[in-house]
Amino acid sequence: MIVSDGVVPAIEVSDLGMVYPGGVRALKGVSFQVEKGEFLAVLGLSGSGKSTLLRCVNRLLDPTEGSVHIFGEEVTALRGSNLRKLRCRVAMIFQQFNLVKRQTVMTNVLSGALGRSRLLPSLLLTFPQAERARAQAYLERVGLPDRGDSRADALSGGQQQRVAIARALMQEPQLFLADEPVASLDPALRHSIMRHIEILNREEGLTVLCSLHDIDLVTRYATRLIALRDGELVWQGLPENFDQGIFKEIYGQEAEPASNSGY
Amino acid sequence: MRNEQDIDSPTLAARFFAQVQVVGIDALLVGTSFLMVEFLFLAFSGRRSATGLLLTAEGILDLLHYGWIAGAAVLVAIAWSATHGIFGTSPGRAMVYGLAEEERDLPWSQTFLGWFVAILIQLTFFSGWLITELDLVSFLTKFSKAADILNGLMHPQASILHQGAVLLVQTIFLAFMATAFAIPVAFVLSFPSARNLTRGTWASRLLYMAARTGMNFVRAVEPLVWALIFISWVGIGPFAGVLALWVHSVAALTKLYSEQIESIDTGPMDAIAATGATTLQILRYGVVPQVIPPFLSYTIYRWDINVRMSTIIGFVGGGGIGYILKPRVDLGEWGEVGTLVLLIAATVWLMDIASAKIRERIV
Ligand SMILES: Nc1ncnc2c1ncn2[C@@H]1O[C@H](COP(=O)(O)OP(=O)(O)O)[C@@H](O)[C@H]1O
Ligand SMILES: [Mg+2]
C-alpha cells in the first residue's frame with residue numbers, strides 16, 4: 001500500500017515553522033529526514049520546541065509554515081477522515097502517559113483500535129473479540145498480562161507508560177512518536193521503558209522519533225540525533241560524534257554534561 | 001522561548017478601549033456617590049411633597065437630577081484620569097491597570113482612592129437605610145402580632161397532615177422529574193458550552209456563544225417567573241412546576257457541567273485523538289470518563305435545590321405543597337401553616353443529609 005522502496009524516507013520535514021496563536025514562535029525553518037527503521041532522538045532544552053515538532057508530525061497541531069511528508073505522502077494539510085487515517089498509522093506516547101485514568105487498562109489498550117472500529121459499538125465501549133485478544137497479547141508483551149481489569153490510575157507510573165505503549169502498538173503503527181517518554185519516571189525505571197521501545201525499533205523495524213533530554217539515554221538508544229534550540233535545528237549527527245562542544249552549542253555555555261544528570 | 005517582540009504590543013484600539021473602561025467605571029462610581037449625596041440632602045431637608053406629606057424614599061428617588069449628575073460625573077472622571085499623577089489612582093484605573101507602584105504599600109487613609117472608597121461605603125449604608133425604609137422602632141415594639149403566628153406554628157394541627165403528606169409526595173416527584181429530564185439536555189448542551197472544546201472552528205465558536213448566551217438568559221429568570229409563564233402555557237398544576245424547574249435546571253446544570261469540562265486534563269484527549277479517533281470517540285473516551293463523577297455530584301446538588309424550590313413553586317400555582325400553603329397563610333390559619341412548614345423543613349433536612357452523604361461517596 002505504501003511506497004517504501006528504501007529511497008522514500010519515513011518522515012521528511014521541510015522548512016517547518018510553527019507560531020502559536022498567542023504569537024509565540026516555537027519552530028523556525030526545521031528540516032530533516034528520518035529513514036525507515038531509524039531511531040531518531042530529538043534533543044533540546046525544555047521549551048526548545050520538541051513537543052511542538054512531534055505534534056506537527058501526527059498533526060495534533062497544524063504547522064504554520066513548511067511541510068511534513070510521511071512515506072512520501074504530504075500530510076501537512078490533511079483534514080477530516082484523511083487526517084484520521086494518517087493518525088492511525090502514527091502512534092504516540094507522552095511524558096504524562098495520558099491514559100484515561102478512570103477506565104480499565106484493557107479499555108485503554110483497546111482505545112488504540114478506535115481508528116478502525118465501528119462508531120456505535122466503540123461509543124458503548126464494546127470491541128470485537130479479535131481486538132480484545134490482540135489487546136491482551138500486547139498487554140502480555142509489555143509485561144502486564146493480568147492487569148487488564150485494573151483501573152488505569154491504580155498502576156504505577158512505569159506500568160502506566162507500558163500500558164500507553166500497548167495502546168500505541170494496538171494501532172499497528174508504521175511510525176512511533178515518543179515525547180519524553182521517561183521524563184516523569186523514576187530513574188531506575190527509565191531503561192525498562194526505553195528497552196521496550198528499542199526492541200520495537202531493532203527487532204520489528206519500527207521507525208521511532210523520540211524526544212529526550214537526557215544525554216545518556218540518547219547516546220545509548222538512538223541511531224541518530226537532531227538538536228533543537230529556540231525552535232531551530234542546530235545540529236544533527238550520529239551519537240558517536242556528539243561531544244562537549246556540540247553539547248554547549250545546544251544547552252548553552254553554562255551547561256555541564258553531568259553523566260549523572262537526572263540520576 | 002518567549003521573546004518580547006513576539007508578543008503583540010497593545011494596539012491603539014486596545015489602549016483606547018482600556019481608557020474608556022477606566023473613565024466609565026470612575027464615572028459610574030462618582031455619579032453614584034453624587035446621587036447618594038443629593039438623596040441624603042433631600043431626605044434631611046424636610047421637604048414636603050405637593051400633598052404636604054414628608055417625601056418618601058421613592059419620592060426622593062424620583063426627584064434626583066440624574067442627567068446633570070451623570071454629566072458632572074463624567075467630567076470628574078475625565079479630570080481624575082488626566083490628573084492621576086496628582087490625585088493618585090482612581091478606582092477605575094485600579095481595576096483596569098492595577099494600583100500604581102508607589103501606592104501599593106500605603107494605608108488607605110493616605111490615598112485619595114482609599115478615602116473615596118471609604119466615603120462611598122458610608123454613603124451606601126446611610127442611603128440604603130433610608131431607601132429600604134429600615135424601621136427599628138417597629139421591629140422592637142410590635143412583636144405581639146407575629147407572636148400569634150409563631151404560636152400557631154408551635155401548635156401544628158393534624159387536620160391538614162394527610163393532605164400535606166400527599167402533596168409532599170407530589171413535591172418530591174416534581175423535583176425529581178424536573179431534575180431527571182434536565183440531565184440529558186444539560187449533558188448534551190454542556191459540550192458546546194465548554195470553551196476548551198469550541199476553539200477549533202468558527203462554527204463551533206458561534207455555537208459556544210449561542211449556547212452560553214441562551215443559558216445565561218434562562219438562568220437569569222427566576223423559577224417562579226418561569227412557573228408563571230408555563231402556567232399560562234399548560235395550565236395551573238404540578239406539570240407547570242416541573243417545566244419551570246426543568247428549564248432553570250437545564251441552564252444551571254449546563255453551566256456547572258461545562259465548567260467541569262473546561263477544567264479537564266487535555267492529555268487523554270490528545271492521546272485518543274492521536275489514535276485516529278473521531279470527534280465523538282474523543283469525547284466519549286477522553287472527556288466523559290473524567291467528568292462523570294463531578295456531573296453526578298452536581299446533579300444531586302441540583303435535585304436538592306429543586307426540592308426546596310418545588311415547595312414554594314405552588315405559591316404561584318405550580319403544584320406541590322406550596323399550593324395549599326398559600327391560602328392558609330392568607331387566611332391566617334397558623335396552626336395548619338405550622339404543620340406544612342414542619343413537613344417542608346423535615347423533607348429539606350432529610351434531602352440535605354442524603355445529598356451530602358451521596359456526594360461524599362462520589363467525589
Ligand atoms: N499551546 C501553546 N500555546 C502557546 N505557546 C506554546 C504552547 N505550547 C508550547 N508553547 C511554547 O512553545 C515553545 C516550545 O514549547 P514545547 O514544544 O512544549 O517545547 P519542549 O517540548 O521542547 O519543552 C515554548 O516557548 C512554549 O512556551
Ligand atoms: Mg515538551
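Reply: A salt bridge is a side-chain nitrogen of Lys or Arg within 4 Å of a carboxyl oxygen of Asp or Glu. This is a predicted model, in which local features need pLDDT of at least 70, side-chain atom pairs count only at pLDDT 80 or more, and totals for chains, interfaces and linings use all residues; side-chain values use heavy atoms, without hydrogens and water. Residues are numbered from 1 along each chain as its sequence is written, while chains are lettered from A and ligands numbered from 1 in the order in which they are written.

The whole structure, searched over all chains, holds 20 salt bridges. Lys101(A) is in the loop between S6 and helix H3 (105-110) of chain A, and Asp265(B) is in the loop between helix H12 (238-262) and helix H13 (267-274) of chain B, so this pair joins two chains. Helices (H or I, at least four residues) and strands (E, at least two) are DSSP runs, numbered from the N terminus. In the salt bridge between Lys101(A) and Asp265(B), the closest N and O atoms are 3.9 Å apart. Between chain A and chain B the count is two salt bridges.

Polar contacts also occur here: five residue pairs between chain A and chain B make them, both residues being at pLDDT 80 or more. Such a contact is a pair of N or O atoms within 3.5 Å; within protein, one must be able to donate a hydrogen and the other to accept it, and residues adjacent in sequence count only if both atoms are side-chain atoms. On the side of chain A that touches chain B, the elements giving two or more residues are helix H2 (80-89), strand S6 (90-93) and helix H4 (119-123) of chain A. That side of chain A has 13 nonpolar, 13 polar and eight charged residues. Here Ala, Val, Leu, Ile, Met, Phe, Trp, Tyr, Cys and Pro count as nonpolar, Asp, Glu, Lys and Arg as charged, and the others, Gly among them, as polar.

Next, the extent of the contact (heavy atoms within 4.5 Å). Chain A contributes 34 residues and chain B contributes 22 residues. Together the two chains bury about 2400 Å², with 59% of it on carbon and sulfur atoms. Of the area that chain A buries against chain B, 20% comes from Arg102(A), Leu114(A) and Leu123(A), more than from any other three residues. Buried area is the accessible area (1.4 Å probe) that two parts lose on being put together, summed over both.

Finally, the chains themselves. Chain A contains nine helices and 10 strands, whereas chain B has 16 helices and zero strands. The C-alpha trace of chain A spans about 55 × 40 × 40 Å along its principal axes, and that of chain B spans about 80 × 75 × 40 Å. Chain B is divided into domain 1 (8-134) and domain 2 (152-362), with bounds from an automatic or database domain assignment. The centres of these two domains of chain B, taken over C-alpha atoms, are separated by 39 Å.
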